[in-house]
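Me: I would like to go through this model by question and answer. Please give the cut-off for each term when it comes up.

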Amino acid sequence: VQSYAVSNPSTVGAVVLTHIPSGICVEGVDTAQIRFKPSVANGGEYNDGSDLINRLLELNEPVLSCAGGLMVEHESVKEHIEGIDGTEDSVMGLSKDLVLSLMEELGNKLREDRIKKREI
């Protein structure tokens, strides 16, 4: 956690949608960067942010189930977040915006494919 105060963690998610009958595919990548306040490293015997970790563990939060312990949705963590460049759902594992965009793109490709097949 201490390193989050000096080096912003980021997440990368990739999505591939495939229309099985036609084999038409679309793909995309989404990134998000979490900007933590310096306060995330405060506390603990060695001023290493262990107070935050201990608080989450005392609340039986699934810290070890989150990649990098990035529980950005938790109130105890939110107070240390300066901002997120991207979306919270992207940090949590799947960008809704990316999926919706790819679904639209896939729909367009399927329409184009139908039009091409009619022309033949």
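Me: Over how many bridges do strand 2 and strand 3 pair?
Reply: Helices (H or I, at least four residues) and strands (E, at least two) are DSSP runs, numbered from the N terminus. Two strands pair if DSSP finds at least two bridges between them. Strand 2 covers residues 24-36 and is antiparallel to strand 3. The number of bridges between these two is four.

Me: What kind of model is this?
Reply: Residues are numbered from 1 along each chain as its sequence is written, and side-chain values use heavy atoms, with hydrogens and water left out. Local features need pLDDT of at least 70, side-chain atom pairs count only at pLDDT 80 or more, and totals for chains, interfaces and linings use all residues; the model is predicted.

Me: Which are the edge strands?
Reply: The sheet is open, with three antiparallel strands in the order 1-2-3. An edge strand pairs on one side only, and this applies to strand 1 (10-19) and strand 3 (81-85).

Me: By how many degrees are neighbouring strands of this sheet turned against each other on average?
Reply: Axes are lines fitted to C-alpha atoms, for helices over the stretch in contact, and angles run from 0 to 180 degrees between N-to-C directions. For the neighbouring strands here, direction is ignored. The average turn is 20 degrees.

Me: What angle does the direction of helix 4 make with that of strand 2?
Reply: Contact means heavy atoms within 4.5 Å. Helix 4 (residues 96-119) packs on the sheet and touches strand 1 as well as strand 2. Its direction makes an angle with that of strand 2 of about 165 degrees.

Me: Which residue in strand 2 is the bridge partner of valine 12?
Reply: Strand 1 and strand 2 run antiparallel and are joined by 10 bridges. Their hairpin has four residues between the strands, and glycine 23 there takes a positive phi near 80 degrees. Across from valine 12, the bridge partner in strand 2 is threonine 31.

Me: Which residue in strand 3 is the bridge partner of arginine 35?
Reply: On the side of strand 3, glutamine 33 stands opposite aspartate 85. The bridge partner of arginine 35 is glycine 83.

Me: Is asparagine 60 buried or exposed?
Reply: Asparagine 60 lies in the loop between helix 1 and helix 2. It has a positive phi of about 60 degrees although it is not a glycine. With a relative accessible area of 68%, asparagine 60 is exposed.

Me: At what distance does the side chain of serine 95 reach the backbone nitrogen of leucine 98?
Reply: Serine 95 sits in the loop between helix 3 (88-91) and helix 4, and at 5% relative accessibility it counts as buried. Beyond four places in sequence, its contacts are Asp30, Thr87, Asp89 and Ser90. A polar contact is a pair of N or O atoms within 3.5 Å; within protein, one must be able to donate a hydrogen and the other to accept it, and residues adjacent in sequence count only if both atoms are side-chain atoms. For serine 95 and the backbone nitrogen of leucine 98, the distance is 3.0 Å.

Methods
Buried means under 20% relative accessible area, exposed over 50%, partly exposed in between (1.4 Å probe, protein chains only).
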